[in-house]
Amino acid sequence: MGKIFIAGAAGNIGSALIDTLGDKAEIVAGVHSPEKGASLDGDCVEPRVCDFGDAESMERAMEGCDRMFLVLPLHERLARYGRVAVDAAKKAGIRYIVRSSAYGASSDAHWRLGREQGMVDQFVEDSKIPFTVLRPNTFMQNFSTFMAPMIRSGVIALPEEEYKVSYIDVRDIAACAARLLLDSAGFEDGFYALTGPRGLTLAEVAETISEAAGVKVAYTPVDEETFIRDLDQAGVPEWNRNMLVSLSRVVKLGMLGNVTQAVEYLTGAPARTFADFAAESAAAWT
């Protein structure tokens, strides 16, 4: 068994995947800078600097690897980056790809982010390299990272009303990816929608965080215009803002509240609950 190349190794899922794989495999970590590489732990991890926009650097980074985990940054060149990565994988001799996409993604999805993620999934499928596509729902970790300052202010202000989302812990995504990268038999050329064990409204999220962290947090619905204004004031780039607005509209269509058993099917263990995640992450909100 050759080495595993992890694209986006310093991100949420990539770093969780490195932790999950541990010493079970030799890992090449694709990072954007030496500083990012230095932040990664593991005796079996070799950081290699590469750029999603530079096909030659991607191909060089994959040298000596036979499997790839592909997750892409939320950037306006997402689809282009995906095409570059897949083309580089073909030239580098990658023989299996685990692709982390997005819940509800499809090349003909009616919402922008789902369509762009779906285009990359199509590039993977069209490459003729054996693959498995994971399509995870919204990350629980969003609440403990970039949304943490909002929560510490005591309010979750988003335009999602009382619709539910089956949030997933990134460690469960990593566990699914690790299982496939170590043994893909029976799962190749498959697509798996990954969710947490329960759909939650933002009011329920706020209540769970309040109980776990011992703080007072409430959900306050806002209209889309206010949401856009708040994103603009926070300096969110236009493309990212449009993707977030698109995602909130999909939530309000009731499309993200469904629950699957794919995590348990792939790993043998049930998906983590939001309550468990909140208990472990309480320090982020105090």
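Is Y192 buried or exposed? Y192 has 14% relative accessibility, so Y192 counts as buried. Buried means under 20% relative accessible area, exposed over 50%, and partly exposed in between, with a 1.4 Å probe and protein chains only.

Before you click on, some ground rules. This is a predicted model: local features need pLDDT of at least 70, side-chain atom pairs count only at pLDDT 80 or more, and totals for chains, interfaces and linings use all residues. Residues are numbered from 1 along each chain as its sequence is written, and side-chain values use heavy atoms, leaving out hydrogens and water.

**Stop 1: the ring pairs.** Rings of Phe, Tyr and Trp (its six-membered ring) pair if their centres lie within 6.5 Å; planes under 30 degrees apart are stacked, over 60 edge-to-face, the rest tilted. By this rule there are 10 aromatic pairs.

Select F131 and F191. Their ring centres are 5.5 Å apart and their planes meet at 70°, so this pair is edge-to-face. F131 is in strand β6 (residues 131-136) and F191 in strand β8 (residues 190-194), so the pair ties together parts 60 residues apart in sequence. Strands are DSSP runs (E, at least two residues), numbered from the N terminus. F131 is buried at 4% relative accessibility. F191 is partly exposed at 36%.

**Stop 2: F187 and Y192.** Here the centres are 6.2 Å apart and the planes at 65°, so this pair is also edge-to-face. F187, at 9% relative accessibility, is buried.

**Stop 3: a cluster.** Select F143, Y167, F274, F277 and W285. They form one aromatic cluster.

**Stop 4: a charge over a ring.** Select R83 and F123. The charged end of R83 sits over the F123 ring, 5.1 Å from its centre. The rule: NZ of Lys or CZ of Arg within 6 Å of the ring centre and within 35 degrees of the ring normal.

Definitions and conventions. Helix = DSSP H or I, 4+ residues; strand = E, 2+ residues; numbered from the N terminus.
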